[in-house]
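Here is a briefing on a structure.

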There are 2 protein chains.
Amino acid sequence: MAKIVTIREVRRFIIQSLRAAGGRDAQCEDLADVLVAADVRGHYSHGLNRLEMYCEDYQRGTSDKDASPVTEKETAATALVNGNNCLGATVGKYCMNLAIQKSKEIGVGVVTAKGSNHFGIAGFYGLMAKEAGLVGISLTNTSPLQVPTRGKVCTLGTNPISVIAPALGDDYFALDMATSAVAIGKVEVQRRKGEELPAGWGCDVNGIEAKDATDVIVDGGLFPLGGPEISGGYKGYGLALMVEMFVGILSGAHWGPHIRKWQAPNETRTADLGQFFMALNPAVFGEGFSERLQLLMDYHRALEPIAGVDSVLVPGDPERSHETLCRDSGGIPYHEALIRDMGIFAEKIKVDPMETLD
Amino acid sequence: MAKIVTIREVRRFIIQSLRAAGGRDAQCEDLADVLVAADVRGHYSHGLNRLEMYCEDYQRGTSDKDASPVTEKETAATALVNGNNCLGATVGKYCMNLAIQKSKEIGVGVVTAKGSNHFGIAGFYGLMAKEAGLVGISLTNTSPLQVPTRGKVCTLGTNPISVIAPALGDDYFALDMATSAVAIGKVEVQRRKGEELPAGWGCDVNGIEAKDATDVIVDGGLFPLGGPEISGGYKGYGLALMVEMFVGILSGAHWGPHIRKWQAPNETRTADLGQFFMALNPAVFGEGFSERLQLLMDYHRALEPIAGVDSVLVPGDPERSHETLCRDSGGIPYHEALIRDMGIFAEKIKVDPMETLD
C-alpha cells in the first residue's frame with residue numbers, strides 16, 4: 001500500500017532532519033531539491049530513502065556542513081571546482097550554474113569538481129541546463145560495485161552518465177543511466193523475491209556470471225552494461241572507465257578502487273568524489289535543435305511495439321509518467337514500509353514525522 | 001594465410017584508387033590516413049576493406065571530390081561546420097583540428113558537422129587530439145542497423161562513441177565502440193560459420209531475440225548494447241539516441257531512419273551524416289592528469305584475471321597489440337582473400353595491384 005505525502009511536507013521533513021543532524025540552511029535546501037526530484041521522477045532509491053545516509057555524513061563529520069564550493073581555476077569556457085566536502089547537491093548546483101553561465105556566453109561550459117559527495121540523481125543537474133534551454137551533461141564516480149571485464153573484484157562504481165536536452169514545450173530527452181548493467185538495488189530485490197538473476201546482471205567471486213543474487217552481493221559484483229565479454233560487456237566497462245577518466249582523473253579527486261566502500265558502517269574517511277558538468281548551447285550549432293529533437297523522439301514513440309508492451313519509449317518517458325502520477329495524486333506516493341522507517345528515523349533524530357494525505 | 005603489405009604500399013594503392021575514381025590529392029590523402037590507421041589498429045572492417053565503397057561514392061557523385069568543408073558559425077569555443085559532402089575523413093580532420101585549436105586557447109573546443117560522409121574509425125580523430133596532449137571525443141551517426149528497445153525495425157545506426165586520452169609516454173586510453181551490442185560484421189561471421197548467435201546480439205523481424213544470424217541480417221537488426229530490455233538494452237538504446245542527438249540533431253544533418261541504407265546498390269542520395277568532435281585540455285583542470293590516468297589503467301591491467309584469459313585489459317590495449325604486430329611484421333598482415341579482392345578491384349579501376357612482402 002502506498003501513502004501520499006505532499007512535496008511541501010517531504011521537503012519540510014528532509015530539511016528539518018538535515019538541520020537536526022547539524023546542517024545549515026543552504027546545503028539542506030539544495031539536498032532537499034535533489035531528493036524530492038528523485039522521488040517525483042520515480043527514482044526512489046535515490047530520494048528520501050537515502051536521507052539517513054546524508055544525515056550520518058553530517059553527524060560523523062565526513063561531510064562539511066559549514067563549507068562552500070570554491071572555483072580554483074577558470075577559463076571563459078571551463079572551471080575546476082573544489083567542493084570542499086560539501087554535500088554533493090550543493091557542489092553539483094554550484095558547478096552546473098557555472099557551466100550554464102559559461103555556455104550562455106561562449107556556447108559551452110565544462111566544469112569538473114573534486115572534494116564532492118554523493119550528488120543524488122545525476123539527471124538533476126542536466127535538468128537545470130534544460131530549464132535554461134541548454135543541453136546538460138553530468139557524470140560522477142561512486143563507491144566500487146562494478147567488476148571490470150575479465151576481472152574478479154569491484155574496482156569501479158556504477159559511474160552514471162546523464163544527458164538531458166530540451167525538446168518542444170515541456171518535452172525533453174533525459175538519459176540518466178548507470179554504466180553497470182543494473183543497479184545493486186535490483187539485485188537485492190531478486191534476492192528478496194528468491195528469484196534467479198536474469199542474464200548479464202552480475203558475477204560471483206570468480207568473475208563468473210551469477211544466477212544467485214547472494215553471490216553478487218556478498219563477494220561478487222555488478223557486470224558492466226552488456227554483461228559478460230561475449231555479449232559486449234567490455235563496452236560497458238569501457239564506458240565506466242571513461243566516466244572515471246572525466247571525473248576522478250580529470251579533477252584530481254579519489255578514483256575507482258580508492259573510493260570508500262558503499263555504506264560502510266562507522267566510515268570516517270571523506271568520499272572526495274569527482275564529478276563532471278557540461279552545458280552546451282544548441283543555438284551556436286544548427287538552427288531548430290528542439291524541433292528536430294522532438295521529431296526524433298516522436299518518431300520512436302510512434303513505432304509499432306513488440307508483442308506484450310504498450311509502446312516504444314524514449315529516455316525520460318518513464319520519469320515523466322511518474323511526475324504526472326505525483327501531480328495527479330497531490331503528492332509523492334511512498335511504500336508504507338518507507339513511511340514507517342522514516343517515522344522511526346524521525347523519532348531518533350527528534351523531528352516531527354511526515355504527515356501523509358490519508 | 002596472411003600476406004604482409006608495407007604501410008607505404010597500402011597508402012599508395014588507396015590514393016591511386018581514389019584518384020582513379022576521380023578524387024583530388026587532399027581528400028585522397030586524408031582518407032588514406034584514416035583507412036591505414038584502421039588496419040594498423042586491427043579494425044579491418046573499417047580499412048582497406050571499404051575502399052571500394054568510397055570510390056563508388058566518387059564515381060556516382062554521391063560525395064563531392066571538389067568541395068572543402070566550411071565553418072558556418074563560430075564562437076571562441078564552438079563551431080558548426082558544413083562538410084559540403086566531402087569524404088568524411090576530410091570533414092573529420094578539419095573539424096578536429098578546429099576543436100584542438102580552440103581547446104588550446106580556451107580549454108575546450110566543440111565542433112559539429114553536417115553534410116559529412118562515413119569518416120572511418122571514430123577513434124582516428126580522438127587520436128589527433130591525444131597527439132596534441134588533449135582528450136578527444138568523436139561521435140557520428142550511420143545508416144540504420146540498430147533496433148530500439150521494444151521496437152521491431154532499424155531506426156538508428158551503430159552510432160559509435162570514441163574517447164581518447166593521453167597517459168604517460170606512448171600510452172593512452174582509447175575507447176572506440178559502437179552503441180549496438182556488436183557490429184553487423186560479427187553477425188555475418190556467425191552466419192558464415194553456421195553457428196548460433198550468443199545472447200543479446202540481435203533480433204528478428206518481430207523484435208524478438210534471434211538465435212539465427214540470418215534472421216538478424218535479412219529483416220531484423222542489431223540489439224543496442226545490453227541486448228534485450230531485461231538485461232539493460234534500454235541503456236544502449238539511450239546511448240544510441242544520445243549520439244544521434246549530438247550529431248544529426250545538433251548539427252542539422254540527416255538523422256536516424258532518414259539516413260540512406262547501408263551499402264544499398266545504385267544509391268543516388270548523399271549521406272549527409274552528422275558528426276561531433278570535442279577536444280578538452282586537461283591542463284585547465286587538476287594537475288597531473290596523465291599520471292593519474294596511467295595509474296588507473298595500470299591498476300586494471302595488474303588485476304588477477306578470471307580463469308581462461310591472460311589479463312584484464314583497458315580500452316585501446318587490443319589495438320596497441322595489433323600496432324606492435326604491424327611494426328614487427330614490417331607492414332600490415334591482410335587475409336589473402338582481401339588481397340585477392342583488391343587485385344580484382346585494381347584491375348577494374350586500372351591501378352597497379354598492391355605488392356606483398358613475400
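In this predicted model, 73 residues of chain B are in contact with 74 residues of chain A.

**Interface between the chains**

- Six elements of chain B each supply at least two residues to the side that touches chain A: strands S3 (78-82), S4 (108-116), S6 (161-166) and S7 (172-177), plus helices H8 (233-251) and H9 (289-301).
- H8(B) makes the largest contribution to this side, at 10 residues.
- By class, the chain B side holds 43 nonpolar, 21 polar and 9 charged residues.

**Sheet of chain A**

- Chain A has an open sheet of 7 strands, ordered S2-S3-S4-S10-S5-S6-S7. Its pairing is mixed.
- Strand S2 (70-74) and strand S7 (172-177) of chain A are the edge strands, and each pairs on one side only.
- On average, neighbouring strands of this sheet are turned by 15 degrees against each other, direction ignored.
- Within the sheet, S4 (residues 108-116) and S10 (residues 273-280) of chain A pair in the antiparallel sense, over 7 bridges.
- A:Val108 has A:Leu280 in S10(A) as its bridge partner.

**Helices on the sheet**

- Helix H5 (residues 123-131) of chain A lies across S5 (135-140), S6 (161-166), S7 and S10 of chain A. H5 runs at about 20 degrees to S6(A).
- H8(B) also packs on the sheet, where it touches S6 and S7 of chain A. The direction of H8(B) makes about 135 degrees with that of S7(A).

**Domains of chain A**

- The domain assignment of chain A gives domain 1 (1-60 + 316-358) and domain 2 (69-174 + 242-312).
- The centres of domain 1 and domain 2 of chain A, taken over C-alpha atoms, are separated by 22 Å.
- In chain A, 18 residues of domain 1 are in contact with 15 residues of domain 2.
- Helix H2 (25-40) and helix H3 (51-60) of chain A are the elements that give two or more residues to the domain 1 side of this contact.
- H2(A) gives the most to that side, with 9 residues.
- The domain 1 side divides into 8 nonpolar, 4 polar and 6 charged residues.

Conventions
Residues are numbered from 1 along each chain as its sequence is written. Chains are lettered from A and ligands numbered from 1 in the order in which they are written. This is a predicted model: local features need pLDDT of at least 70, side-chain atom pairs count only at pLDDT 80 or more; totals for chains, interfaces and linings use all residues. Two residues are in contact if their C-beta atoms, placed from the backbone, lie within 7 Å. Helices (H or I, at least four residues) and strands (E, at least two) are DSSP runs, numbered from the N terminus. Ala, Val, Leu, Ile, Met, Phe, Trp, Tyr, Cys and Pro count as nonpolar, Asp, Glu, Lys and Arg as charged, and the others, Gly among them, as polar. Two strands pair if DSSP finds at least two bridges between them. Axes are lines fitted to C-alpha atoms, for helices over the stretch in contact, and angles run from 0 to 180 degrees between N-to-C directions. Domain bounds come from an automatic or database domain assignment.
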